[in-house]
Amino acid sequence: MAKTRRPPRIGDAPVFRNTMIAVVLALVALIIVAPLAVIGYEAFSRGIAYFGKTIANSDTRHAILMTAMTALIAVPINTAFGVAAAWAITKFDFPGRRLLLIVIEIPFSVSPIVAGVAYLFVYGLQGLFGEALQSADVKILFALPGIVLASMFVTAPFVARELIPLMQAQGRDLEEAATSLGASGWRTFFFVTLPNIKWALLYGVILCNSRVMGEFGAVSVVSGNIRGQTNTLPLHIELLYHDYNAVGAFAAASILAALAVVTLIAKVALERRGAGRVRRPSLAGTAPSISETTP
Amino acid sequence: MKIRLDTVVKTFDTFRAVHGVSLDIESGELVALLGPSGSGKTTILRMVAGLEFPDGGAIYFGDENATDIEVRHRGVGFVFQHYALFPHMTVGENIAFGMKVSKTRRSATEISGRVEHLLRLVQLEGLQDRFPAQISGGQRQRVALARALAVDPKVLLLDEPFGALDANVRRDLRRWLRKIHDELGITTLFVTHDQAEALDLADRVVILDKGKIVQTGTPEEVCRAPASAFVMNFLGDANRLKVTVSGEKAQIQNVTFDAPDIADGPAELYFRPADVTWREGGHGIQATIARVIDRPDSRRVLALTVDGQSIEFDAAPEFPFRAGAHGYVDIRRPRVYPV
């Protein structure tokens, strides 16, 4: 670019620009990068062998397994729920549609611990279904089902929220066209709807997954924190920390962080693919392409 | 396939309601549903397609009552206003979609042969590997038509088929659609708010207002004998003058017009701007010229009658413009409607 002597646009003065960039970089380093770097450093501070030993600890292994199990159950269910909710809200008119839209968003604004306590009151011994559940010998609280339920509550909006704006923008024309050409509901969904929402859907699933794995508040209330039985990875980290086992806590935390990084890489990769969709963009200028709607 | 609508009723919370519409469409006919927005024309089309279901009345395809047949079994080809092409499929895949999901199994070679045939029919050979976003609006519209025709529909339904296109493309596609219709002979119903489009294309025009049919007829019939002041106004520019009727004669100033079957009392006289002759002297409605608007092939003159009612008429480009000039307006083909 040729250097021209024209006055800078508003907010474009060199001093302002450089200060702004420096402040943001410093804050990112201080708030985000440094703590994560400390986790990695502390986890390996007594050498790789010790790290391996900590991870191999049966309680830690169990916690990892527990977290993986929770994600394996909660994420598919919430994905199905999210798709169904987005489909219902955007493709059908029914009374209570707007209310449903608001209700789906509640877990975003409610503190997870409130969800945990609420589940305690519903399924706990003194709770609403407590006696019935106990007489039927069904254990929900302080067991995997409770953890899964609490995680599902917290992550219920993730998939639906990614899909609803996109499906709203796409309207019902494509589905109507497919049906008028003789396609059944399933075929319409798999061949017409799904290909047009798949990137947003995957993005929602990834967000949902990382939140399920990292959820602490709601799960800590309903799981009972039983070491080696109902401890998920985030809860286990806290336990290790309270045991003054800092290296163990950091090692476990580094695993959780590694999971998050994998998720992040998957997300970036997906966004790349999404951007690659420019060659296969959306409707005749009526609907925005997916790469525009994913944040 | 003959289509019959029998007192079809549809109510919405919004304005798009349909109030008891009955209509016969002969096999092979090309019919336009013409009306302003909110007149219920698209709702009627969607009910014929099975995308909406009427609250009352019935829709027959031939002798079969099709009212409750759902859209995927109704055998209609529907062309959406914004085409609704599947953005993730190529032009060829779009056209083949209906054949692939159909219950009648076709081999891959049969499908690709038919796709090629349809692409030739809509003059888009060689574009089958493009995506909808890579072709122009007019081409998308033709792909949408080919896709609808691919399933051998009994009826072809088009919602504002040329609404999203610019004027030149629109005129060409209009003539081209007429040609396709004449070749295939398929019963076709299309919705438009553009009178020129309806008159240009259709065998018969159905004019709708507020969810009711106000007139049905050939383009000639509706143009020469508009059934109401609404039709007169909707089909083109019209002048309106207040008149008084007594004994089937409408009077304004000293001029009288025939007003058959109009009750005595105040009424309205309508005429087209092209049906006016301006005279400097003699007989006619007295008026004063106020302004002139120039157009490529004529001049549009704005005049005021003595009692302040405005008249617009077309004159030759040579018409001399003198603001304030007095003269007499002579009207051909006047039509009198009750108020």
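I call a residue buried if 20 or more other C-beta atoms lie within 10 Å of its own, exposed if 12 or fewer, and partly exposed in between, with C-beta atoms placed from the backbone. Strands (E, at least two residues) and helices (H or I, at least four) are DSSP runs, numbered from the N terminus.

**Ground rules.** I am working on a predicted model: local features need pLDDT of at least 70, side-chain atom pairs count only at pLDDT 80 or more, and totals for chains, interfaces and linings use all residues. Residues are numbered from 1 along each chain as its sequence is written, while chains are lettered from A and ligands numbered from 1 in the order in which they are written.

**Entry 1: strand β11(B).** I started with β11 of chain B, residues 239-246. Its covered face holds N239(B), L241(B), V243(B) and V245(B). R240(B), K242(B), T244(B) and S246(B) make up the uncovered face. I noted the general rule beside it: in a regular strand the side chains alternate between the two faces of the sheet.

Next I looked up its partners, taking two strands as paired if DSSP finds at least two bridges between them. β11(B) runs antiparallel to β14(B), residues 265-271, with seven bridges. Within that pair, V245(B) stands opposite G265(B), and K242(B) stands opposite E268(B). β12(B), residues 249-252, is also antiparallel to β11(B), with three bridges. There, A250(B) is the bridge partner of V245(B). β11(B) and β12(B) form a hairpin with two residues between them. In the turn, G247(B) has a positive phi of about 60 degrees.

**Entry 2: a second open sheet in chain B.** I traced another set of five strands, ordered β15-β19-β16-β17-β18, with antiparallel pairing. Its edge strands are β15(B) (276-279) and β18(B) (310-315), each pairing on one side only. Neighbouring strands here are turned by 45 degrees against each other on average, direction ignored. I then checked β17(B), residues 299-305, against β18(B): six bridges, antiparallel. R299(B) stands opposite A315(B) in that pair.

**Entry 3: β1, β4 and β5 of chain B.** β1(B) (3-10) and β4(B) (56-61) are antiparallel and joined by five bridges. I3(B) stands opposite F61(B). β4(B) also pairs with β5(B) (64-65), antiparallel, over two bridges. F61(B) has E64(B) as its bridge partner there. This hairpin has two residues between the strands, and G62(B) takes a positive phi near 65 degrees.

**Entry 4: where chain A meets chain B.** I counted two residues as in contact if their C-beta atoms, placed from the backbone, lie within 7 Å. The contact takes 20 residues from chain A and 23 residues from chain B. On the chain A side, α9(A) (173-180) and α10(A) (185-214) are the elements giving two or more residues. The largest share, six residues, comes from α9(A). By type, the chain A side has nine nonpolar, seven polar and four charged residues. For these classes, Ala, Val, Leu, Ile, Met, Phe, Trp, Tyr, Cys and Pro count as nonpolar, Asp, Glu, Lys and Arg as charged, and the others, Gly among them, as polar.

**Entry 5: helix α9(A).** How many residues of α9(A) are buried? Six of the eight are, so the helix is largely enclosed by the rest of the structure. They are L174(A), E175(A), A177(A), A178(A), T179(A) and S180(A). The cover includes α3, α8 and α10 of chain A, together with α1, α2 and β6 of chain B. G182(A) follows α9(A) and has a positive phi, near 105 degrees.

**Entry 6: α5(A) against α7(A).** I finished with helices α5(A) (112-123) and α7(A) (144-155). They pack at an angle of about 135 degrees, with their axes 10 Å apart. Axes are lines fitted to C-alpha atoms, for helices over the stretch in contact, and angles run from 0 to 180 degrees between N-to-C directions. The contact uses residues including Y119(A) and Y123(A) of α5(A), and F153(A) and V154(A) of α7(A). It divides into eight nonpolar, two polar and no charged residues.
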